[in-house]
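Here's a quick tour of some sheets and cores. Have the viewer open as you read.

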Amino acid sequence: MKLVCQLIILFLACSIHGTLHAQDINKTKIKGNYKNKALDLALLDLKISHRIKFEYEEKDVQGVIINESFSKLDLPDGLKVLLSGTGLAYEIIPPRTVRIFKGELPKEKVITASNQQPLKRNFTLNGIVRDANSGETLPFSTIQIKGTSIGASANVDGQFTLFDVPSDTSLLVVQYLGYQTMYKRLEPTMDFTNFSINLADFSQELSEVLVIAEKEEQLIRASTGISKVSVAPTQLAYLPSFGEKDIFRSLQLLPGISGSQENSSGLFVRGGTPDQNLILFDGFTVYHVDHLFGFFSAFNSNAIKDVQLYKGGFEAKYGGRLSSVVELTGKDGNSEELNVGLGLSLLSVNAYAEAPLFNGKGSFLVAGRRSFQSSFYNNLFEDFTEANEGTTDVQQGAGGGRGGGRFGQQDVQPNSFFYDLNAKMTFRPSNKDVIALSFYNGQDDLDNSRITDNSSFTGGPGRGGGNANFNFQNDNTDITEWGNWGASLKYARKWSDRFYTNANVSYSNYFSERDRRNEIEITRNDTITNRVTGNFENNDLKDITLKIDNEWNINQTNKVEFGLQTTYNDIAYEFTQNDTIGLIDRKDQGLTSSFYVQNKHTFSDKLILTGGLRTTYYNVNDKLYLEPRASVTYLLSDRIKLKGAWGKYNQQATRIVREDIQQGSRDFWLLADDDRVPVSAAEHFIGGISYETPSFLFDVEAYYKKLDGLSEFTTRLTPSGRGANRTLEFEELFFIGTGVAKGLEFLLQKKVGKFTGWVGYTLGEVEYDFEVFGDEPFFANQDQTHELKIVGSYKWKKWNFSSTFIYATGKPYTAPTGFYELTYLDGTTADYFEVSDKNALRLPAYHRFDFSATRDMKFGESNASLGLSFFNIYNRNNVWFKEYEVIEGELLETNVSLLNFTPSFFFTWSLR
């Protein structure tokens, strides 16, 4: 019976569609009330109401005001009324097109008609924005009344309120990134207390006669605020990738965010580091975002419906980080019907299921993915772990001579995988209440162990003179496990037209354990020497947070937000060397409590001021921190916008860089104690201008950030001298410094048409100043002077072709100039380097070109896509970092490179 009904509806729809096209356009009856209205708005209204296409030069109708009304006129007569006295004429082109041009109308009597009056004026409209297919609410969508400055942004639950709606026949413009822009005209018979708007994505078509869609298939929207960018998860599949839609990889294609961090999905935003970003997923904090060397981020895009990025100058409602905010909203699940989907690539498999609950008042979603050990996976792994042969020739420091030699090949035996799991259940007991439970778990198990075997190593002069001829075998164990747990329980209620509360309690846990040991066997002159060196690290971070956010819409132009947050952190870090020496063993707990208030006020429809204050009490050092924030936007015209922001920010849980010249630097999380690890601070200054048309956006922003309380840990500097039997107090090897990040960002975006994309360029500089490293500031590890990104996407029938190009200045690094041997109290020894000035050298420039082709398909109600992606097409050898090792007095250097040319394949399917 259901199938029969669907066939009948389909038949009727096709019949109506055919009738519309067969009907004589000259007999079409039109009506309208256009008193003191712009002509282009009147034409848009007729287009929506009667499905008539109007063609005209924008300059011909721009600024033309009409003052006419009519009812039930044939199209030619109505057009004569509409265009009377404008100097414009018309031509009707079957089947349903009207061309407007400069000319004279026929000399005939002008017909007038009565005016249809609306029933309500200056009323309040409450509603919700949903996905037309799944019923999923669409957070932060924008709703505007056409021809006025009245508008609103939906909250995280898709709810909105419009004040002072001029009439119950007004025209709404509704937009959400990744969906078709909708124009919907109000009618007096509609329910304005529980108004529902259903948006269609680009695979759907709506049959509502009062709805029309403008296709703006954008991947990003960068004009929504100061340093703010929205991302469309539904469109990410078209970008080149390793077979998985990846939100954080897409964010790296924006100006101001480093795109050459191939080894990390973490975001380096405007000179900041990944730990300085606040990553929120359904209210809980995620502290690490990498899977598989950073090839993938830890987030499954099938479980995410909205992404909001704040690159700087963010509001007082966010705190605890210095650089940026990424707010991810998980999908609630399909509230209309069961839907399942799956995806397959050469690296991983993923699947999801979603369905309605509680008789349509709720829904659930479960999504998971796991990598598998394919030959492609192994090749990818080897590309990242295989070291290139290299040589070096440097002067040795105390305890050694001159070294030079050639390494043997290192065989990698990969045995690694990752997985992640998302689950969410949402219940809406009424149109005002939302209860949601969200869960996440992701983990990587990575075995990077390798064996180096060389039976004919010939080195340069050894410690005792002569040649260093010997055989050696190096059994290198390198096993790492890391991951995240997260969960949140949310209750939100819209108490009235003006007041909304969102309460969230969450738990987050980040863990990382690395066991790296070198067991070396050296045969020299019939003597066998065995030596064991290496490190063991364990970092465990727990976060329990309660947060309550409130929104009070005083009126259309004035909104107050306030709330409180309290976070309990328990962070442990253990660092052991050579199996016996405990270098660091910290276990810290702390409570951070915050209150914020902010006010957004619009003046004269042109000036928007936002001011706020966040106060934070930190019980570890018993201090109160004040963090004022302010932003301003001024509309010079409908297309030109000036903007600026300023704010102060503090961070209590911080990531410490552990400099490792030999094996590449690593990092770990600690809780600030204002002793060895201070509370870090930043002050943002941002200014910019943007020019936007319906088709293009040109945006420029300049930023300047002052950083204080930066921390670093290194063992290459001893506070009171070097030498044998030196007792090291490793707590002394935490160093504190300051920094400055500054830059200029440019974005040129084409938003509509078959070809869309953007060009982004960043000119930036990041300098740190640590007294221990010298009197002069030095370039930070993440400093890059120039970065250019070009992203393009072309739509042709069912195909989508996308490409990306990235160029970036090489990053700075520190290199050894010599080495010395240090003896510990237990009799063991370790090699330490004498090095160049901090980050005095730079790696070669980074650049690559990627391309992908995707074919969309339909099988009945099911949707599928099939694609190929090509990474680093011209096989650029980009250096990741340099690695150094001392073997029997010989200092050996290797270039560890990033990925070469890598093709990949992917397939996705969903039931609906």
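Predicted model: local features only at pLDDT ≥ 70, side-chain atom pairs only at ≥ 80, totals over all residues.

Residue numbers start from 1 along each chain as its sequence is written, and side-chain values use heavy atoms, with hydrogens and water left out.

Let's start with a three-stranded open sheet, ordered 9-6-12 with mixed pairing. Strands here are DSSP runs (E, at least two residues) numbered from the N terminus, and two of them pair if DSSP finds at least two bridges between them. Strand 9 (159-167) and strand 12 (195-199) each have a single partner strand, so one side of each is left without a neighbour in the sheet. From one strand to the next, the twist averages 40°, an angle between N-to-C directions of lines fitted to C-alpha atoms, on a scale from 0 to 180 degrees.

| Pair | Sense | Bridges | Facing residues |
|---|---|---|---|
| Strands 6 (121-131) and 12 | parallel | five | Asp131 and Leu199 |
| Strands 54 (879-887) and 55 | antiparallel | eight | Tyr884 and Glu893 |

Strand 55 (890-897) is largely enclosed by the rest of the structure, because seven of its eight residues are buried (under 20% relative accessible area, 1.4 Å probe, protein chains only).

Now the packing. The largest nonpolar core has 41 residues, and Ile584, Phe668, Phe713, Phe734 and Tyr768 have the most contacts inside it. Such a core joins buried Ala, Val, Leu, Ile, Met, Phe, Trp, Tyr and Cys residues through side-chain atoms within 4.5 Å. Strand 40 gives this core its largest share, four residues. Another core, of 36 residues, lies apart from it and includes Leu219 and Ala808.

Technical notes
Buried < 20%, exposed > 50% of the residue type's maximum accessible area, 1.4 Å probe, protein only.
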